[in-house]
Amino acid sequence: MANIEEEVTGRFLYTVYSNPDSLFCVLSFRSKDSDFTAVGNYDPELLKEGILYNLKGQWGKHPKYGKQFSFHSCIPSLSDIDSISLFLSSGLVKGIGPVLAKRIVDAFGKDTIAIMDEEPERLLEISGIGLTKLEDIKASWKRARTVQRLAAFLSRYEIPLGYIWKIYKAYQESAVEIINKNPYQLIYDIRGIGFKKADNIAKNIGFSLEDPHRIRAGLTFTIQQAIEHGHCFLYRDELLSESSQTLGLSANKIAKILQNMVGSHLVAEEERIYLPSFYKMETEVAKKIAYMAKNALIKEIITSDEITTIVSRLEKESDIRLSTEQINAIICAFIKKISVITGGPGTGKTQTIKFILKLAQIKDFKVLLAAPTGKAAKRMEDVTGKEAKTIHRLLEYNPKTNEFRKNEKNPLDAHIIILDEVSMIDLLLMYHFLKTVPEGCNLILVGDVDQLPSIGPGLVLRDIIDSNLIEVTRLTKIFRQAEGSTIVKNAHRVNQGMYIIPKGGDFLFISQEDEGKALEHLKNGLLKLINIHGFDPYQEIQVLSPMKRGILGTDNLNKELQGIINPASPEKPEILFIARRFRVGDKVMQIKNNYNKEVFNGDVGKIIEIDNEEEITYVDFGWGSIKYEKEELDELILAYACTVHKYQGSEVKCVIMPLQMSHYIMLQRNLFYTALTRSKELFILLSTARAIAISVKNNKPIIRNTYLKMRIKSCYQGG
């Protein structure tokens, strides 16, 4: 006999167990008769101890834990005074704390909810509530009620609370209606909700597997996933094969919808399938690069001989001897419309830039300096003594219009632009930047092509170099200042496929195969660096890991390191968001560009205040306090440990890196090399000889679907 759907009411006691990834939880409730256990998919953050909840589901018996209520809906009853008071003061309604909640409930009793829903102006009868506070409470109450209904609707579909806030922000009161009409819209509008979650909702609502909405969403999602992994397009057969697995349909059925999407939603060029925006970006970048490769000089002619003479004089004045490679790079910077300077640590890229700046000053050329991240721009500014900006700030991004103020119609004003850390620049950013380069301007691209590629799509620097149409200077000579550094030596050895020098001066290799012991070594070593050697754990130490998962992945490392660097304390307010627990004093990293706040992916700061009543967190990034609403906390992660990818473009005095066999899929030469080049004074490696050997030998080329190299060649030849 099938289990019967029932509705039970219970007062929430506590969470027995919760899984932040799947949202499966075990909860304890108290009914009139007895305590009972409820299991289901729900975000415990929505629950408040002491409130009555109505649960819908079925009774069942677990073979080990006995009788349980399996629920698919859980909403506050708000039928008794205590529940109403607790709900009002739970933090879901901004502006109402425990004291004010008691006043409201004392005045209106069981009618409180009806009054707040239908006659909120009556709240003016309560001492402490004026017109301004009333408007804040009305807006917050409306949001809280809508979010509760939305949470009840979405709870069975495993959508975390953090996304429910975002859905509400995007759709407001129409959220349930929009989702019912086309749940796949969530994929396009809500960052973090992919095809699987939207498809789960759609199947429960009644969408068929062959619904055109579903197939179109599956195809678009497949390309978007490829872009997330660095590709600019997918080949037709790849797209059909991967979307077939995603959709559970035959390639033939999908191909019909794909054909209909070409021309409106997708671009097909031979066997390459693009999103229209990425086709345009790749094409326009190629045209601009090819044009610059063929065209003339900056505002006045300067000969190679004149450059050589000036450089020779500058060498004598500064008592610095440049290499032949550096001098060639300087000459190309002035006689070529576009040129590239690449090289490893200690090879003189910074010194070369300094000489270019000195020569430009002598010739009265206006120079702009920029880099893709705030830290890279700050470092560029520190070493050159000249102002440097992030590319986004240089192009004057306008968050209100979601556009850059600088463009082809309003270009930058410069004779020379020097871009640093170009290996980090993806296709999207390069497209917007190149539109702003004026006709009479030389462009110098500086970066280490052997480091990890950009997180975003494309292999822009490598494709520009491999087109063989741009003047490229590869700096190889290691200068005397860097010759004594074992970090620099090992970086070059790794890049050449050679095993590391295990110990020496600024490099320490600790051999440890057991991950648990490696973790203890890491924590003890960190404490020693802080307490004995005086290193600042926020500014001078960074733990880097190849991966997020596992004992020595960043997720677990951050929990462990948070506990020893910034342990919990009654004096340190905390806030929980999905699976992330933040507290005052935590080191955090921004993980997406937020142009409204002018905070960018990779920026590191420190939490200085948490207001739990207003659900606001303040982070100091070194240039002021930035405010985060609770629903914006998905933009932050703990940053005591971070992945090598995330730290690219930054440098720090000391790097501690676990590199173990459990990181096998990430044991790559360019990742290890990139990590080594992040450290300025001390590199501590917790690894094994085998893991190091695999990393050094694994030099498989990074395969990304990009046609930029061939497109540059085609544009160059086509005039």
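**Close-up views of a predicted model**

**View 1. Helix α18 and its packing partners.** The buried residues of α18 pack against α12, α17 (391-394), β14 (416-419), β15 (442-447) and α19. Packing here means contact, that is, heavy atoms within 4.5 Å. This is a predicted model, in which local features need pLDDT of at least 70, side-chain atom pairs count only at pLDDT 80 or more, and totals for chains, interfaces and linings use all residues. Residues are numbered from 1 along each chain as its sequence is written, and side-chain values use heavy atoms, without hydrogens and water. Helices (H or I, at least four residues) and strands (E, at least two) are DSSP runs, numbered from the N terminus. Helix α18 spans residues 427-434 and is largely enclosed by the rest of the structure, because six of its eight residues are buried. They are Leu427, Leu429, Met430, Tyr431, Phe433 and Leu434. Buried means under 20% relative accessible area, exposed over 50%, and partly exposed in between (1.4 Å probe, protein chains only).

**View 2. The buried side of helix α27.** Helix α27 covers residues 708-717, and its buried residues are Leu708, Arg711 and Ile712. They sit on the same side of α27, because they cover an arc of only 105° around the axis. The arc is taken over the directions from the helix axis to the C-beta atoms. Among the elements that cover these buried residues are β7 (267-269), β8 (272-274), α12 (276-294) and α19 (460-466).

**View 3. His265 in its loop.** His265 lies in the loop between α11 (251-261) and β7. Its relative accessible area is 46%, so His265 is partly exposed. Leaving aside neighbours within four places in sequence, His265 is in contact with Leu275 and Pro276. Lys32 is 233 residues away along the chain, and 57 Å separate the C-alpha atoms of His265 and Lys32.

View 4. The structure holds two cavities of 30 Å³ or more. On a 1 Å grid over the protein atoms alone, a cavity is a set of points where a 1.4 Å probe fits but cannot get out; lining residues have an atom within 4 Å of a point. Grid points are joined across faces, edges and corners, and a volume is the space filled by probe spheres set on the points. The second largest cavity holds about 30 Å³ of space. Its lining is made of Leu526, Pro537, Ile541, Val543, Leu561, Ile565 and Tyr640.

Conventions: 1 Å grid on protein atoms, 1.4 Å probe; cavity = no way out; pocket = protein on both sides within 12 Å on 5 of 7 lines; lining within 4 Å.
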